[in-house]
Amino acid sequence: MTPVSGPARTSWRGVLALAAAIVVAASAVGFFRAFQLPGMDATGPMDSMVSPGPTGSTADRRLHGMALADMPEMFVAGAALLLALGAALVLGRTRHSGAPGVPVAPVVVPQPTVRGRRTTAMVATAALTIDISKTSTLGFVIPGLRTEYGIDASTASLLAVSGLSGTALGALLCSRLAERIGRRACYLLATLGFTATSMCGTMPDFRGNVVMCFLMGIAVGGLAPMLITVLSDLFPGPGRGAAVTGLSIVATAIGYLVASGSALWLEPVFGWRVLWLIGAPTGLLLAAAAAVIPDRRSTRAPGGPADDWLARNTLTTRLQWVFAFSIGLTTFGLTTWVPTLSRVGGLSLTTANALLTGSAVAMVLCAGLLVLGYRRFGPTGVTVRLAVCTAVLLLALAVSGWAVAAPWLSAAVLTVALLGVNTMAAVFLPVAADVADDRSRGRAAGSVSFFNRLGGLAGPLVLSLLVTSVSEVLWSGAMLALLCGSVAAYTSRRQRVLRKAGAG
């Protein structure tokens, strides 16, 4: 492959910058236009979906869909994003150019200063937070989307299937793309991608939402494993696992808090579409911070040989895949249904969202305790305990009938269960990155994330197709939680056996 010369490389960098600027401008235009259009959707007046009210009331401020012909900025953003991808691929040639048959040694960036490491950790954690919030938003969008389009739960689940399919594909594509064009360029493309696709909030019909949700999922799915890899490289030594897990727990909690808080404060005023549209300003902020993301892998101080041997032989690649898949089944299956379940007993939209927001706040406050639990029991020990507690709560809720008879108590139990499953979701990816060596960490995190997204894809789909009542959803959630606990318990037992074998 012919290397890219210096002047040509500068030109292609200019093309990349110009394309990124066009995506930013088009996304900003689409965002503001969505709030300025009159109260008319693709089929008729908004009065058919919301109660009439005086000018400036909640009814008048609800967002709506518009015809594709009225959204030229969406097509401009899409074309500019493809141009940015092409420019990044051309620039990535230099990384792999050289004499035939002679591998090119990767350029290793020196360890950053303490201040630089903290800045990078803050930006990466913030990006992970927004990434998680976009996935969590699915559960809050579905109830309002069903009401507007008049579709049943099985049809609405196609939105979750589409989005999670995109995240699974994105996890694989971005982990390999980052090796070719560098993490910084890959991060920029991913943030621009979900910024541009946030315009799915103005799609006129359900099919358009499904397609755009898939495209958004590709961008969102690639960010999480890449950001966990960046964080893992920042923290050398044996404390890396606990540090990255702690940041992952905080990001998961705040991400769900952003999603539930947006549903609590914005959805009653603007409708469900605003939950997609707010991805534009948050994505633009993250894209502006791309310069902070390290372009290549940083050196680190490795752990002891005995510790590395024990970790890699305990959590084999296939076992990590099973572990991630089972956690995906549980977390995405339950998380997608919790906003709907919390309203079964007659709770209002605002009350249900407030309780779910409280769950996210509790998770943020408990992050320190969870990190201590990680240090004390290890990732598998924490997962077993959380899985058992979640299963017991869901089974008690199913057997007692509180889900319908006592909506407040039911919602409180669901928030605690949600705390448990979201914490389990925050554990598996940092563990995979911690176990992998420097050269394969990105691909390892990407493949494990792929299987987690496959589990997440199966979770909502299986529940929507196989369960027909609230109690069946609760029973299914409890069984899935016990499945996670069983895999974690097997892993813990395997570790004990290997430790004894190594000592002998």
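**Close-up 1. Salt bridge between Glu-148 and Arg-273.** In this predicted model, Glu-148 and Arg-273 form a salt bridge whose closest N and O atoms are 2.8 Å apart. The pair links distant parts of the chain, 125 residues apart: Glu-148 belongs to helix α5 (residues 114-149), while Arg-273 sits in the loop between α10 (267-270) and α11 (274-277). Glu-148 has a relative accessible area of 18%, so it counts as buried. Arg-273 is also buried, with a relative accessible area of 1%.

**Close-up 2. Salt bridge between Asp-233 and Arg-183.** The side chains of Asp-233 and Arg-183 meet in a salt bridge, with 2.9 Å from N to O. Asp-233 is in helix α8 (residues 206-234) and Arg-183 is in helix α7 (residues 183-196), so the pair links distant parts of the chain, 50 residues apart. Asp-233 is buried at 3% relative accessibility, and Arg-183 is buried at 12%.

**Close-up 3. Salt bridge between Glu-73 and Arg-33.** The closest N and O atoms of this salt bridge, formed by Glu-73 and Arg-33, are 2.8 Å apart. Glu-73 counts as buried, at 8% relative accessibility, whereas Arg-33 counts as partly exposed, at 24%. The model has 3 salt bridges by the rule used.

**Close-up 4. Nonpolar patch on the surface.** Val-388, Val-392, Val-399, Trp-475, Met-479 and Leu-482 form this patch, and together they have about 540 Å² of accessible area. The elements that give two or more residues to the patch are α16 (367-400) and α21 (470-503). Trp-475 lies in helix α21 and is partly exposed, with a relative accessible area of 41%.

**Close-up 5. Ala-396 in helix α16.** Ala-396 is located in helix α16 and counts as partly exposed, at 34% relative accessibility. Ala-396 and Ala-478 are 82 residues apart along the chain, and their C-alpha atoms are separated by 9.7 Å.

**Close-up 6. Packing of helices α9 and α16.** Helix α9 (residues 240-265) packs with α16 at an angle of about 150°, and their axes are 9 Å apart. The two helices, α9 and α16, are therefore roughly antiparallel to each other. The crossing in which α9 passes α16 is right-handed.

**Close-up 7. Gly-446 in helix α20.** Gly-446 lies in helix α20 (residues 441-466) and counts as buried, at 0% relative accessibility. Gly-446 and Ser-175 are 271 residues apart in sequence, but 5.3 Å apart in space from C-alpha to C-alpha.

Definitions and conventions:
Residues are numbered from 1 along each chain as its sequence is written. This is a predicted model: local features need pLDDT of at least 70, side-chain atom pairs count only at pLDDT 80 or more; totals for chains, interfaces and linings use all residues. Side-chain values use heavy atoms; hydrogens and water are left out. Patches are made of residues with over 30% relative accessible area and no salt bridge: like charges are joined within 9 Å, nonpolar side chains (Val, Leu, Ile, Met, Phe, Trp, Tyr) within 5 Å. Accessible areas come from the Shrake-Rupley method with a 1.4 Å probe; for residues, only the protein chains shown count as cover. A salt bridge is a side-chain nitrogen of Lys or Arg within 4 Å of a carboxyl oxygen of Asp or Glu. Helices (H or I, at least four residues) and strands (E, at least two) are DSSP runs, numbered from the N terminus. Buried means under 20% relative accessible area, exposed over 50%, partly exposed in between (1.4 Å probe, protein chains only). Axes are lines fitted to C-alpha atoms, for helices over the stretch in contact, and angles run from 0 to 180 degrees between N-to-C directions. Angles under 35 degrees count as roughly parallel, over 145 as roughly antiparallel, 65 to 115 as roughly perpendicular and the rest as oblique. A crossing is left-handed if the near helix is turned anticlockwise from the far one by less than a right angle, and right-handed if clockwise.
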